[in-house]
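My entries are below the display.

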Amino acid sequence: VCVQLSDDYVAVLPVDELAKELKNDAEKNIWRLKQQDELVRTLGPINGFRMRYYVEKFDVVARSESGAMTSMGGVPKLSHCVFIPVTTPIGEPFREAIGPNSELRQYLKQHAPGKTTVVLFTYPGNYAQLRELKKLLQDQGYQTAPVALAKDQPISMGPGGRRVMAE
């Protein structure tokens, strides 16, 4: 589960939903890499977020038995995705988001404590809210992984995910 803390608002990123769209869209558009080295597409919005994804073409080289290197051609590979909020602020005001009937709480009910890590993407000016939300989530049994971002830095992920340590 990925959550954005920005401007005293809390928003759940629709990562799974946009990843499904990415898979479908990439399959339909991968042909474009025959004429270009990179494919850049924007999807959504879903729950107030768009996702821009980047697929690059990488040359695959094979070594023959004689040791000669032979190009096998370009292979598409997802480079990374960037999540773009449609409006700012986005989500629920912090005090509402930590309330018992918030969108955040409803979303978390679908994810088992003890088996779920909540990644908390946090922008400057929201560190007090981060500490409070982190404690609340940990008290409920969720692991948390805070990620501090610069003021205008977008949330970005790659095929290997985002490497963060759960607490």
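**Entry 1: ground rules and confidence**

I am working from a predicted model, in which local features need pLDDT of at least 70, side-chain atom pairs count only at pLDDT 80 or more, and totals for chains, interfaces and linings use all residues. Residues are numbered from 1 along each chain as its sequence is written, and side-chain values use heavy atoms, with hydrogens and water left out.

I looked up pLDDT, the predictor's confidence in each residue on a scale from 0 to 100. The protein chain has a mean of 89, and 93% of its residues reach 70 or more. For residues 163-167 the pLDDT is below 50, and this stretch has 14 contacts in the model beyond near neighbours in sequence. A contact here means heavy atoms within 4.5 Å.

**Entry 2: the open sheet**

Helices (H or I, at least four residues) and strands (E, at least two) are DSSP runs, numbered from the N terminus. I took two strands as paired if DSSP finds at least two bridges between them.

In what order do the 5 strands of the open sheet lie? I read β6-β2-β1-β7-β8, with mixed pairing. β6 and β8 are the edge strands, each pairing on one side only.

I then went through the pairs. β1 and β2 run antiparallel and are joined by 4 bridges. Leu 5 has Val 10 of β2 as its bridge partner, and Gln 4 stands opposite Ala 11 in β2. On the β6 side, β2 and β6 pair in the antiparallel sense over 2 bridges, and there Val 10 stands opposite Glu 92.

At the other end, β7 (residues 117-122) and β8 (residues 143-148) pair in the parallel sense over 6 bridges. Leu 120 has Pro 146 of β8 as its bridge partner. β7, helix α4 (residues 127-139) and β8 make a right-handed β-α-β unit. Right-handed means that, with the strands pointing away from the viewer, the path from the first strand over the helix to the second runs clockwise.

**Entry 3: backbone angles**

I looked for cis peptide bonds and noted two. One runs from Gly 44 to Pro 45, with omega near 10 degrees; Pro 45 lies in strand β3 (residues 38-46). Another runs from Thr 88 to Pro 89, with omega near -5 degrees, and Pro 89 is in the loop between β5 and β6.

Next came positive phi in residues other than glycine. Asp 7 takes a positive phi near 55 degrees in the hairpin of β1 and β2, which has 2 residues between the strands. Asn 47 has phi near 45 degrees and is found in the loop between β3 and β4 (49-63).

**Entry 4: pockets**

The search used a 1 Å grid over the protein atoms alone: a pocket is an open set of points where a 1.4 Å probe fits, with protein on both sides within 12 Å along at least five of seven lines, and lining residues have an atom within 4 Å of a point. Grid points are joined across faces, edges and corners, and a volume is the space filled by probe spheres set on the points.

How much volume does the largest pocket have? It comes to about 260 Å³. Of its 14 lining residues, Ser 6, Asp 7, Tyr 123, Lys 151 and Asp 152 are the closest to the centre. β1 (2-6) and β5 (69-85) are the elements that give two or more residues to this lining.

I sorted linings by class, counting Ala, Val, Leu, Ile, Met, Phe, Trp, Tyr, Cys and Pro as nonpolar, Asp, Glu, Lys and Arg as charged, and the others, Gly among them, as polar. The largest pocket has 6 nonpolar, 5 polar and 3 charged residues in its lining.

The second largest pocket holds about 200 Å³ of space. Its lining includes Val 10, Asn 47 and Glu 92. β2 (9-12) and α3 (103-108) are the elements that give two or more residues to this second lining. By class I noted 7 nonpolar, 2 polar and 3 charged residues.
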